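This briefing concerns a predicted model of a protein assembly. The structure is shown first, and the notes follow by topic.

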Amino acid sequence: MKMTILMRKSRQTIAIVVMCISLFAIVAVSAANSSATDVMSADGKEELIQEYILYLSGIGDPVIAKKADILRCEQPGMGTESSALPTMTLEEAEAAQFLNSERVQANSVAARADQYATVAMQQHNLVIDQFGADAWKSVTYTLEEIDPIDGVLGYRNINTGKLISASEYDSVLREYWENVAIQEGVTYYDIFLADDEPAEKMADKRVDIISKYCDEIPVELTTVSDAQTYSVHLSFDGERVSNEKFEDFHFIIDNRNGKWTVFQGLTWAEPYPEFPDGD
Amino acid sequence: MKKSVFYYLLTLCMMISMLSLPSFAVETSNFAVSATSSNFNIVLSNISKTGATSSSPGTNITKAVIGKSIDPGYAMIKLSDLQYLGATTQVLGNHYYVTINGQVITFTKGSTYYSSETPYTINKPAGGTKSYTFSVNGNTESTAQAQEIDGVPYVRLTHAVHQCGALIVNYNSSDNSTYVFHFRVNGSSPHSDSNTYIVGGSWLNSWSSKGTTQLAPNFKVNELWYSSTTGTYNRQLKISLASLQTEENVRYYYNDDSSINVTSGFRTWQGNYGTGGADMRSLHMRGRAIDATSGTTQTLYNNVYNEFKGDSSTPINGGSISWYSRVYGTSRSLSGAYDLEKMPHNGSWWVHLGVKPEYSAAM
């Protein structure tokens, strides 16, 4: 099997050809191939991406899938069959204390590995259905840095995109709403609760003004972290959109645990009917 | 003495953090040492029919985030992650404000109580306007109050996302993930929808008593909620102002309350799945459609059709599988883009009145 991986990062385009004798021998193959070595990152990010793509490309074989004994991602991504979907409401799960911390932590790798492999098989097959039988033989990807998955509370100026301090957030937000209040001929506390007022008092506030002006708020809450998170966007034989208009095939990687891991497996956008026919 | 214990706990937490080890067991809020918490994955998803079952929609255009489970097992979501449902979030002093589709949801740090206010105005077909504020409130469990965990504001997941208009929230023990299905989810950039929605359900206090609340001069809550399920989704309601305005107009134009009998307003996921001939992304689940009958459905259809035929002077014949006769157009007198369908099923007939998602009643 021949697999071409094209990587774009920071407006640079690097092309490599990895000759894969074995689907799961990417490390050995990379070491033996000087072209591939050129694009291997010092921190293992590129290796992780390529390994995951190769895993998905080969998971169509049920025998291989059933041998899965490791989790290749924290969350498996989207499936296409009911086997990938939840079977209970969150209310039922909470009543049964499924989210009790001890039970969450005891949710073992072994118990989840088969499920993750099943989902990966569905992803593999969907790509073939959408892009053809050879889709996995020529995969290219681009990286897009996105907001951290987890971290501490951060504040951002929406116009500049820059992070600001908590005190700047408070002051900019307060100034914005003070100006709105003046414009509307009311006071700030006609719109919002004072610190010592209970939420029960919201019924007396001018929520219509909050609703009217909230889209123009100049600052926002966000999550900040020293870790990096990337969305890895895939193309199959150069195509990012299938004939049936499936698009945005990507997975999410991050290094918040000190090494690069796949946080969420493959996901995509299925055509979205704005105005469905029928009842 | 208490200060001394707190000091040592804080020092211990800092040492753990510096060693890059995962912290566990001790989580603090501004008000109390809260219960033990663990990370779990939350998958925010749009609704797909691919692989869907009676208990869950298929996933589409997802956005995965990390939540906290609070013992004895309640799910919490970061306040800021509600942005992926299309909400705007703010922290002003002790209060958290979530604004989405005309609705203002307020949480108070350290309190189990939350409230929601939705102000809107109905244009009266006879002229003039009437203003309403749809007010509801609820309480979370005591350990699952709105709170800061490691300095990050969290709110009770079920209450927050349901009130933000999520269709259904499920848990999958196979991947330790909670799935929040909401029609605005679109990866990191939610679909735009400027319409106001009136939202409610059993997660609120005394919700069942809200049935007689007047939503418009000629419409009450209990005509539009879904009432034949139990549990979380018993009497769930989500109705767009555009749809409510349309229904009010139709009822006004064609006589009075008796001229239009709503047989299906908002539909839950399970309710829609069990409805024969229903589309799995039906406008009913998006708060944008009603089914109605009258003494003579044909008369109702003909009368409404005359208002709806704008773009399509000839009804489209969809055959016997879905709609029998369909008009998709813009009406001058009803001021909007509508979908009017006359449906056959099991020998009965009804009119399906839908409103285009991008159409806002703010006109």
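Between chain A and chain B the count is three salt bridges, a salt bridge being a side-chain nitrogen of Lys or Arg within 4 Å of a carboxyl oxygen of Asp or Glu. One strand of chain A also pairs with a strand of chain B. The model is predicted, with local features requiring pLDDT of at least 70 and side-chain atom pairs pLDDT 80 or more, whereas totals for chains, interfaces and linings use all residues. Residues are numbered from 1 along each chain as its sequence is written, chains are lettered from A in the order in which they are written, and side-chain values use heavy atoms, with hydrogens and water left out.

**Interface of chains A and B**

- A salt bridge links the side chains of B:Lys78 and A:Asp150, at 2.9 Å from N to O.
- On the side of chain A that touches chain B, strand 10 (residues 261-269) of chain A gives the most, with five residues. Helices (H or I, at least four residues) and strands (E, at least two) are DSSP runs, numbered from the N terminus.
- That side of chain A comprises 39 nonpolar, 18 polar and 18 charged residues. Ala, Val, Leu, Ile, Met, Phe, Trp, Tyr, Cys and Pro count as nonpolar, Asp, Glu, Lys and Arg as charged, and the others, Gly among them, as polar.
- In total, 75 residues of chain A are in contact (heavy atoms within 4.5 Å) with 104 residues of chain B.

- Strand 3 (residues 88-89) of chain A runs antiparallel to strand 13 (residues 168-172) of chain B, joined by two bridges; strands pair if DSSP finds at least two bridges between them.
- Within this pairing, A:Met88 stands opposite B:Tyr171.
- The open sheet has eight strands in the order 3(A)-13(B)-14(B)-3(B)-4(B)-5(B)-12(B)-11(B), with mixed pairing.
- Strand 3 of chain A and strand 11 (147-149) of chain B are at the edges with a single partner strand each, so one side of each lacks a neighbour in the sheet.

**Strand 5 of chain A**

- Strand 5 (residues 152-157) and strand 7 (residues 219-224) of chain A are antiparallel and joined by six bridges, with A:Val152 partnered by A:Val224.
- Strand 5 of chain A also pairs with strand 6 (residues 163-164) of chain A, antiparallel over two bridges; here A:Arg156 stands opposite A:Leu163.
- The hairpin of strands 5 and 6 of chain A has five residues between the strands, and A:Gly161 takes a positive phi near 80° there.

**Chain B**

- Chain B has five helices and 23 strands.
- Of its 363 residues, 60% count as buried, meaning under 20% relative accessible area with a 1.4 Å probe, protein chains only.
- B:Lys356 lies in the segment after strand 23 (348-355) of chain B and is buried, with a relative accessible area of 18%.
- B:Lys356 and B:Ala289 are 67 residues apart in sequence and 9.2 Å apart in space, C-alpha to C-alpha.

How values were computed:
Buried < 20%, exposed > 50% of the residue type's maximum accessible area, 1.4 Å probe, protein only.
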